[in-house]
Amino acid sequence: MKVSIIGGATGSGKTTLILKLAKHLNFRGEKIGVIVQETGEVDYDERTLSELGIKTREVNSVCIPCSLDTDIRSNLLTIQEEFDPDTVFIETEETVLPHKLKADLERMELADVELLPSVVLVDSLEFETEDDQLTEYTRKQTSGAEIVCVGKVWMDADEHSNAVRNLIEKLNPEAKIVEYPENDDESFPAKLLG
Ligand SMILES: Nc1nc2c(ncn2[C@@H]2O[C@H](COP(=O)(O)OP(=O)(O)OP(=O)(O)O)[C@@H](O)[C@H]2O)c(=O)[nH]1
Ligand SMILES: [Mg+2]
């Protein structure tokens, strides 16, 4: 079972991205699971999910890192046992560091689990262009991500989106930076999922 952890700020487009990737994998015959950390309403429409064969399990405790990790672990195990998906997406709450969650899950050495590169989704329109304007968790998330996926670039002014990209490169020279395309692009999912 492959596990893809996708984080980023509230409203950055995580659910939209996960549904897009899920549709792509489902079309290729994969069974998909989604675990979402939500404090409020779960944003996945039941009908879309059931059409894709997706099962969600809400995770409530978002503030305490250790209980959060335990919840994710038990949710992963349950989803694996009950549903046995090929790929599970974890949509993390905005203050969570996806690379840290991945490292925690790696340490748990879960059987038959392959952790995919951690993704942080950035909304180009909303992202700051100066380091000192970033919130602490945005800075840490972006600096630690294996992949930074930049969305809504086509809606942004070139000058701003270039400054955003420069700041991401400065914060995390190691990261793979992937632009989220406006229209469906067959080569896009592989850039995040391998
Ligand atoms: N046009 C366009 N709108 C997008 C895209 N991605 C996200 N949006 C819009 O941005 C808003 C937030 O998207 P979500 O996918 O719910 O974002 P999220 O990060 O899951 O939000 P939370 O779960 O509330 O943190 C929605 O109104 C989406 O329709 C995109 O690629 N194109
Ligand atoms: Mg969401």
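Biologist: How far does a backbone N or O atom of G11 lie from an oxygen atom of ligand 1?
Modeller: The model is a predicted one. A polar contact requires a pair of N or O atoms within 3.5 Å. The backbone atom of G11 and the oxygen atom of ligand 1 meet that limit, at a distance of 3.1 Å.

Biologist: What is the distance between an oxygen atom of ligand 1 and an N or O atom in the side chain of K14?
Modeller: Here the protein atom belongs to a side chain, that of K14. K152 also places a polar side-chain atom by an oxygen atom of ligand 1, at 3.1 Å. For K14 the distance is 2.9 Å.

Biologist: What percentage of the accessible area of ligand 1 does the protein cover?
Modeller: On its own, ligand 1 has 650 Å² of accessible area.

Biologist: Which residues around ligand 1 come nearest?
Modeller: There are 15 residues around ligand 1. They divide into four nonpolar, six polar and five charged. Those that come nearest are G13, K14, T15, T16 and E91.

Biologist: Which helix supplies the largest share of the shell around ligand 1?
Modeller: The largest share amounts to three residues. They come from the helix that spans residues 14-27, namely α1.

Biologist: Which residues have the most contacts inside the largest nonpolar core?
Modeller: In soluble globular proteins, nonpolar side chains tend to be buried together. The largest such core in this model has 25 residues. Those with the most contacts inside it are L17, L21, F89, C149, F188 and L192.

Biologist: Which element gives the most to this core?
Modeller: At least two core residues come from each of α1, β2 (32-37), β6 (119-123), β7 (147-151) and α7 (188-193). The element that gives the most contributes six residues, and it is α1.

Biologist: Does S118 count as buried or exposed?
Modeller: S118 sits in the loop between β5 (114-115) and β6. Beyond four places in sequence, its contacts are I5, P98, H99, K102, G144, A145, E146 and I147. Buried means under 20% relative accessible area. The value for S118 is 0%, so the residue counts as buried.

Biologist: What is the relative accessible area of Y180?
Modeller: Y180 is located in the loop between β8 (176-179) and α7. Leaving aside neighbours within four places in sequence, Y180 is in contact with T16, L17, K20, L121, C149, V150, G151, W154 and F188. Y180 is buried, with a relative accessible area of 8%.

Biologist: Why does G29 count as exposed?
Modeller: G29 belongs to the loop between α1 and β2. A residue is exposed when its relative accessible area is over 50%. G29 counts as exposed because its relative accessibility is 62%.

Biologist: How far apart in space are T138 and F127, C-alpha to C-alpha?
Modeller: T138 is part of helix α5 (residues 136-144), and it is buried at a relative accessible area of 15%. Along the sequence, T138 and F127 are 11 residues apart. Their C-alpha atoms are separated by 9.3 Å.

Biologist: What value is phi of D84 near?
Modeller: Most residues other than glycine have a negative phi. D84 lies in the loop between α3 (65-82) and β4 (87-91), and is partly exposed, at 49% relative accessible area. Its phi is positive, near 50 degrees.

Biologist: Where is D112, whose phi is near 60 degrees, found?
Modeller: The phi of D112 is another positive value in a residue other than glycine. At 65% relative accessibility, D112 counts as exposed. D112 is found in the loop between α4 (98-108) and β5.

Biologist: Which residues is T78 in contact with, leaving aside its neighbours within four places in sequence?
Modeller: T78 lies in helix α3 and is partly exposed, with a relative accessible area of 26%. The contacts of T78 are R57 and F83.

Key. Residues numbered from 1 in each chain as written. Chains lettered and ligands numbered in written order. Predicted model: local features only at pLDDT ≥ 70, side-chain atom pairs only at ≥ 80, totals over all residues. Heavy atoms only, no water. Near = heavy atom within 4 Å. Polar contact = N/O pair within 3.5 Å; in protein donor to acceptor, adjacent residues only side chain to side chain. Areas by Shrake-Rupley, 256 points an atom, 1.4 Å probe, with all protein chains shown as cover. Helix = DSSP H or I, 4+ residues; strand = E, 2+ residues; numbered from the N terminus. Nonpolar A, V, L, I, M, F, W, Y, C, P; charged D, E, K, R; others polar. Core = buried A, V, L, I, M, F, W, Y, C linked by side-chain atoms within 4.5 Å. Buried < 20%, exposed > 50% of the residue type's maximum accessible area, 1.4 Å probe, protein only. Contact = heavy atoms within 4.5 Å.
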